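This report goes through a protein chain from its confidence scores to its charged side chains. The sequence and structure come first.

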Amino acid sequence: MENLNEKMDAQLRTRVDELTRANDENQDGRLDAADLKAQLNRIEAQLELQDQQNRGIIANQHKRMILSVVLVAVILVVLAFFGWRINVAYNNVMAACDRVNALADTVQTSLDTLDQSQLDDMMQDLPEITEQLKKIDVDALNKVLTELPALMNTVSSLQSQVESITNWFNGLGSVFGR
């Protein structure tokens with residue numbers, strides 16, 4: 001048993017020596033306060049480096065979070081804008097449908113009040129009217145419509161001249177006692 005204890009003591013000493021050599025920072029062959037101080041400085045440097053890395057990671061996460069919030073806000077604003085535009089378009093379509101329905105009701109009311117014989121007469125005259133419309137010279141019609149305001153001005157001028165002549169003759173008639 002003694003042999004076993006000696007063997008275990010030898011293994012223990014070997015292990016302590018290995019740990020001492022591994023922890024011997026200043027390579028003087030023994031573990032002392034300078035070695036512990038060096039290990040402490042190394043651990044503090046590692047902790048400081050890890051702290052800087054952690055702060056960088058936190059800063060990046062903070063930036064990503066802000067970017068995500070801004071992106072979500074922009075998407076919500078765009079969706080709200082499109083929702084508003086769709087609502088406006090829907091309201092415009094519904095208003096147009098209401099106007100068409102009102103016109104359809106007006107036409108239906110007009111047709112309901114129209115005598116069937118009058119409607120038949122109108123339908124009989126429709127092909128004749130269509131044929132007459134086909135014979136109209138569109139260019140001549142456009143020319144007439146273009147010159148119509150000038151013609152109306154000339155007619156108005158002639159009307160004022162006729163009134164002035166009429167007034168002159170009335171004044172002349174009153175001078176001769178009529």
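In which helix of the protein chain is confidence lowest, and in which is it highest? The model is a predicted one, and the lowest confidence falls in helix 1 (residues 2-23), with a mean pLDDT of 69. Helix 2 (residues 33-113) has the highest, at 89. Over the protein chain the average pLDDT is 82, and 87% of the residues score at least 70.

**Fold and surface**

The secondary structure consists of four helices and zero strands. Read from the N terminus, the order of elements is α-α-α-α. Of the 178 residues in the protein chain, 3% are buried.

**Salt bridges**

A search of the whole structure gives two salt bridges.

| Salt bridge | Closest N and O atoms |
|---|---|
| Asp 51 and Arg 55 | 3.0 Å |
| Lys 134 and Glu 131 | 3.7 Å |

Both distances meet the criterion, because a salt bridge requires a side-chain nitrogen of Lys or Arg within 4 Å of a carboxyl oxygen of Asp or Glu.

How many residues apart are Asp 51 and Arg 55 in helix 2? Asp 51 and Arg 55 are four residues apart there, so about one helical turn separates them. Asp 51 is partly exposed, its relative accessible area being 35%. Arg 55 has a relative accessible area of 56% and is exposed.

The other pair lies in helix 3, where Lys 134 and Glu 131 are three residues apart, about one turn of the helix. Is Lys 134 buried or exposed? Lys 134 counts as exposed, with 59% relative accessibility. Glu 131 is partly exposed, at a relative accessible area of 42%.

**Negative patch**

Which residues form the negative surface patch? The patch is made up of Asp 115, Asp 120, Asp 121, Asp 125 and Glu 128. Of these, Glu 128 is found in helix 3 (residues 116-135), the helix that also holds Lys 134 and Glu 131.

Definitions and conventions. Residues are numbered from 1 along each chain as its sequence is written. This is a predicted model: local features need pLDDT of at least 70, side-chain atom pairs count only at pLDDT 80 or more; totals for chains, interfaces and linings use all residues. Side-chain values use heavy atoms; hydrogens and water are left out. pLDDT is the predictor's confidence in each residue, from 0 to 100. Helices (H or I, at least four residues) and strands (E, at least two) are DSSP runs, numbered from the N terminus. Patches are made of residues with over 30% relative accessible area and no salt bridge: like charges are joined within 9 Å, nonpolar side chains (Val, Leu, Ile, Met, Phe, Trp, Tyr) within 5 Å. Accessible areas come from the Shrake-Rupley method with a 1.4 Å probe; for residues, only the protein chains shown count as cover. Lys and Arg count as positive and Asp and Glu as negative; His and the chain ends are not counted. The place of a charge is taken as NZ of Lys, CZ of Arg, CG of Asp or CD of Glu. Buried means under 20% relative accessible area, exposed over 50%, partly exposed in between (1.4 Å probe, protein chains only).
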